[in-house]
2 protein chains.
Amino acid sequence: MSKYIVADDHPLFRNAICQVLKTIEETPDIVEAQDMASLQTKLTDHPDADLVLLDLHMPGAHGFSALAYVKGQSPELPVLVVSANEKPEIMQRAVEFGSKGFLPKSSGIEDIQTAIKSALQGEVWLPDSAGEQTPASKDECKLMKGIASLTPQQYLVLTMLAEGLLNKQIAYELDVTEATIKAHMTAIFRKLSVRSRTQAVLAISKLNLESPQNIES
Amino acid sequence: MSKYIVADDHPLFRNAICQVLKTIEETPDIVEAQDMASLQTKLTDHPDADLVLLDLHMPGAHGFSALAYVKGQSPELPVLVVSANEKPEIMQRAVEFGSKGFLPKSSGIEDIQTAIKSALQGEVWLPDSAGEQTPASKDECKLMKGIASLTPQQYLVLTMLAEGLLNKQIAYELDVTEATIKAHMTAIFRKLSVRSRTQAVLAISKLNLESPQNIES
DNA sequence: ATTTTCATTAGACATTAGTCGTACAGGCCC
DNA sequence: GGGCCTGTACGACTAATGTCTAATGAAAAT
């Protein structure tokens with residue numbers, strides 16, 4: 001029997017995924033998470049999980065940074081990215097950043113089954129609509145590694161930074177002093193190789209949807 | 001005879017566009033710009049231009065903010081957006097934000113001719129690959145209006161902010177005091193309806209590639 | 001059991017960012 | 001010309017940001 005963690009903020013969609021899981025095996029062990037905070041808890045509570053089905057657009061998730069964070073917390077745990085996004089570049093990026101595949105939400109049941117089985121066996125599955133080449137980028141990979149090295153608390157602070165909040169506001173939300181947030185910021189900047197909150201925001205926004213159309217004459 | 005402003009940072013591609021223009025009329029009046037700074041100059045020097053062919057990925061341009069800026073400087077001047085980007089959402093956004101069409105760089109000569117002729121007649125042309133609906137977003141439109149209302153100097157400061165530069169660095173580059181840059185920042189924040197440089201960066205990064213995949217169950 | 005490592009927490013201090021009031025030059029209307 | 005608006009520019013002041021040092025506690029290594 002396999003244990004799955006289903007991370008998606010839509011109850012209906014989580015349910016749909018669970019239904020498919022039951023077609024794969026009779027009594028799957030399913031853990032659900034509806035945001036990054038609960039996902040983090042589930043990851044530590046269930047270190048024996050076999051697969052994470054991860055939506056990149058949950059509350060607290062910012063594009064690929066969510067994937068990087070999960071890979072950083074549980075490097076050995078296979079992750080299958082699920083998203084409404086259909087763009088080939090996004091699919092390729094997901095795999096490049098450590099995902100065992102990419103599942104568009106428009107996928108049919110058979111594709112979902114195939115993708116999950118592949119991921120469990122350590123293989124990568126992509127829909128036919130995904131293109132061929134994987135351009136890769138030094139800076140992006142470095143950034144992904146940086147995000148993966150963040151602690152849970154630091155990742156949380158980063159997402160709140162990405163909401164445009166002030167240090168003071170973040171401190172209030174997390175019930176710590178502003179000085180603590182500043183210390184986290186400094187640590188985050190170092191790990192992401194940036195020098196200010198402005199550059200940090202720029203870095204992760206590039207990560208979200210940057211298409212590699214920079215290959216120019 | 002019509003006067004064109006061709007704004008693209010690739011000399012080869014500018015040349016190619018010029019060749020096509022010559023097939024439309026015998027002696028087109030062509031003005032070229034290779035970055036946003038020179039484009040700004042050309043706009044003021046040639047207020048009698050009939051059409052701008054604008055690449056969204058020039059130095060100094062940040063996605064749609066470049067389009068917004070041009071529309072703000074010369075509201076009556078038709079703009080035809082040229083880009084390597086092929087995504088339907090991007091094409092729709094371009095039109096929604098005031099462009100007279102969208103020309104993928106992979107277009108054939110006939111399409112380019114058609115698009116230019118349409119634009120000159122005030123009509124909108126889109127390639128077949130562009131989808132149907134135009135979702136639109138209140139916030140995005142408001143933001144575009146804000147960018148369009150920026151003065152040239154303010155736009156310049158905004159682009160440098162989007163490079164992750166400090167006020168001090170921007171001041172040095174523009175050869176003014178830091179106090180001046182701060183004043184510009186405050187003005188920019190007001191026009192973009194944000195309260196800090198962090199939020200300003202977030203706002204324009206959303207504008208660049210935000211796909212309306214937020215229509216959720 | 002002890003050491004080591006590291007996340008988390010903060011206070012003191014220095015730097016950067018942002019607001020306000022103001023000044024000056026050019027364009028425009030009357 | 002004399003007002004009037006606007007873009008640009010600046011200094012002074014306040015708020016926010018970032019660095020450094022250091023203490024605590026918890027987990028991992030020895």
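Which domains is chain A divided into? Chain A splits into domain 1 (3-120) and domain 2 (138-209), with bounds taken from an automatic or database domain assignment. This is a predicted model, where local features need pLDDT of at least 70, side-chain atom pairs count only at pLDDT 80 or more, and totals for chains, interfaces and linings use all residues. Residues are numbered from 1 along each chain as its sequence is written, chains are lettered from A, and side-chain values use heavy atoms, with hydrogens and water left out.

**How the domains meet**
- The C-alpha centres of domain 1 and domain 2 of chain A are 24 Å apart.
- In contact (heavy atoms within 4.5 Å) are 18 residues of domain 1 and 15 residues of domain 2 of chain A.
- Together the two domains of chain A bury about 1400 Å², which is accessible area (1.4 Å probe) lost on being put together, summed over both parts.
- Carbon and sulfur atoms hold 63% of that buried area.
- On the domain 1 side, His62(A), Tyr69(A) and Phe97(A) lose the most area to domain 2, together 39% of what that side buries.

**Links across the interface**
- The rule finds 0 salt bridges here, each being a side-chain nitrogen of Lys or Arg within 4 Å of a carboxyl oxygen of Asp or Glu.

**The domain 1 side**
- Helices (H or I, at least four residues) are DSSP runs, numbered from the N terminus.
- Two or more residues each come from α2 (36-45), α3 (64-73) and α4 (88-96) of chain A.
- The largest share, 7 residues, comes from α3(A).
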